[in-house]
Amino acid sequence: VVVETNSDSAMACGTIYRPQELGGAEKFPILAWGEGACSRDGKSNSAAMAEIASHGYFVIADGPLNGGSCPSIGMPNTAADLVNMGKPLLGYIKWAIAENDKPCSAYFDSLDGTKVAADGFSCGGLMAAGTSADPIMTTYGITSSGLTGPDQNFYSKVHTPFKALTGSTDTAYANAKRDYQQLSDLGIAAVFFSKNGAGHGGDLTAKNGGDFTKVNLAWLNWQLKGDTSEKGKGFLIGSGCTFCNNGGWEVMSKNIP
């Protein structure tokens, strides 16, 4: 995995994690990631980002690689604020798609701009939620996150499958579960995973991103690569689901095709 920045002004506040080899037959889906506390620190979840990138993803984490100032983002209370919070992640995604189409770009013909996801930890999950109404999105998820209160205006605009991941003692548990219930009640394909005993962020900072990253990666494999094996849908749904029959997890799903 290569970790790098780009001098383009649109990427001044982003850190890229990508497979070393570009330009081959495989086109890499795009993931934009928001950091905990909206800290804009591109290295904050480096183990998880590198693990996901190593499986064939072009990941852009919010925040510079080596520090530096970026515009601050406040905690939202309304859908209008969520839209503003999502703008940095959408900006990275649209930049990457444009770069893929430029013959002079290092990323030319290496990315799949039709397979796009956003996710994030805590406040960063709200940044991901802010992308969900954009038609460019394929899916979005939240990790130890969730709206601070129910917002039907927001829920009604979500058009993609949704993943919620949290811990049972997580301060975001109730918010994540409410978002899952509200969206699944509207017919959105959704999954909810909660690791028993895990607190805020669970084991996201563990080696290779821990169990939290296993769930996030399987969701991406399923939604962005169509993988129904034990590395994708089969890891999350059905008789072979790794955590579904595990007493250490609470697992729910609804509207799954």
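Cysteine 13 and cysteine 70 are joined by a disulfide, with 2.0 Å between their sulfur atoms; a disulfide here is a pair of cysteine sulfur atoms within 2.5 Å. The model is a predicted one, in which local features need pLDDT of at least 70 and side-chain atom pairs count only at pLDDT 80 or more, while totals for chains, interfaces and linings use all residues. Residues are numbered from 1 along each chain as its sequence is written, and side-chain values use heavy atoms, with hydrogens and water left out.

Back to that first bridge. The torsion about the S-S bond of cysteine 13 and cysteine 70 comes out at about -115°, so this disulfide is left-handed. Cysteine 13 sits in the loop between β1 (2-4) and β2 (14-18), and cysteine 70 in the loop between β4 (58-62) and α2 (79-100), so the pair ties together parts that are 57 residues apart in sequence. Helices (H or I, at least four residues) and strands (E, at least two) are DSSP runs, numbered from the N terminus. Cysteine 13 has a relative accessible area of 15% and is buried; buried means under 20% relative accessible area, exposed over 50%, and partly exposed in between (1.4 Å probe, protein chains only).

A search of the whole structure turns up 3 disulfides. Another of them links cysteine 38 to cysteine 123, whose sulfur atoms are 2.1 Å apart. With a torsion of about -85° about the S-S bond, the link of cysteine 38 and cysteine 123 is left-handed. Cysteine 38 belongs to the loop between β3 (28-34) and α1 (46-54), whereas cysteine 123 is in helix α3 (residues 123-129), so this pair ties together parts that are 85 residues apart in sequence. Both cysteine 38 and cysteine 123 are buried.

Cysteine 241 and cysteine 244 make up a further disulfide, at 2.0 Å from S to S. This link has 75° about the S-S bond and is right-handed. Cysteine 241 is buried at 4% relative accessibility, while cysteine 244, at 29%, is partly exposed. If the bonded cysteines are numbered in sequence order, the pairing reads 1-3, 2-4, 5-6. As for cysteine 104, its relative accessibility is 73%, which puts it in the exposed class.

Searching the whole structure gives 1 cavity of 30 Å³ or more. A cavity is a set of points, on a 1 Å grid over the protein atoms alone, where a 1.4 Å probe fits but cannot get out, and lining residues have an atom within 4 Å of a point. The largest cavity holds about 30 Å³ of space. Its lining consists of Leu31, Ala117, Ala118, Asp119, Thr139, Tyr140, Gly141, Trp219 and Leu220. At least two lining residues come from each of β5 (111-120), β6 (139-143) and α6 (210-225). Sorted by class, the lining of the largest cavity has 6 nonpolar, 2 polar and 1 charged residues; Ala, Val, Leu, Ile, Met, Phe, Trp, Tyr, Cys and Pro count as nonpolar, Asp, Glu, Lys and Arg as charged, and the others, Gly among them, as polar.

Finally, a look at one serine. Serine 184 is part of helix α5 (residues 173-185) and is buried, at 4% relative accessibility. A polar atom of the serine 184 side chain lies 3.2 Å from the backbone oxygen of glutamine 181. Leaving aside residues up to four places away in sequence, serine 184 touches Ala190, Lys254 and Asn255, where contact means heavy atoms within 4.5 Å.

How values were computed. On a 1 Å grid over the protein atoms alone, a cavity is a set of points where a 1.4 Å probe fits but cannot get out, and a pocket is an open set with protein on both sides within 12 Å along at least five of seven lines; lining residues have an atom within 4 Å of a point. Grid points are joined across faces, edges and corners, and a volume is the space filled by probe spheres set on the points. A polar contact is a pair of N or O atoms within 3.5 Å; within protein, one must be able to donate a hydrogen and the other to accept it, and residues adjacent in sequence count only if both atoms are side-chain atoms.
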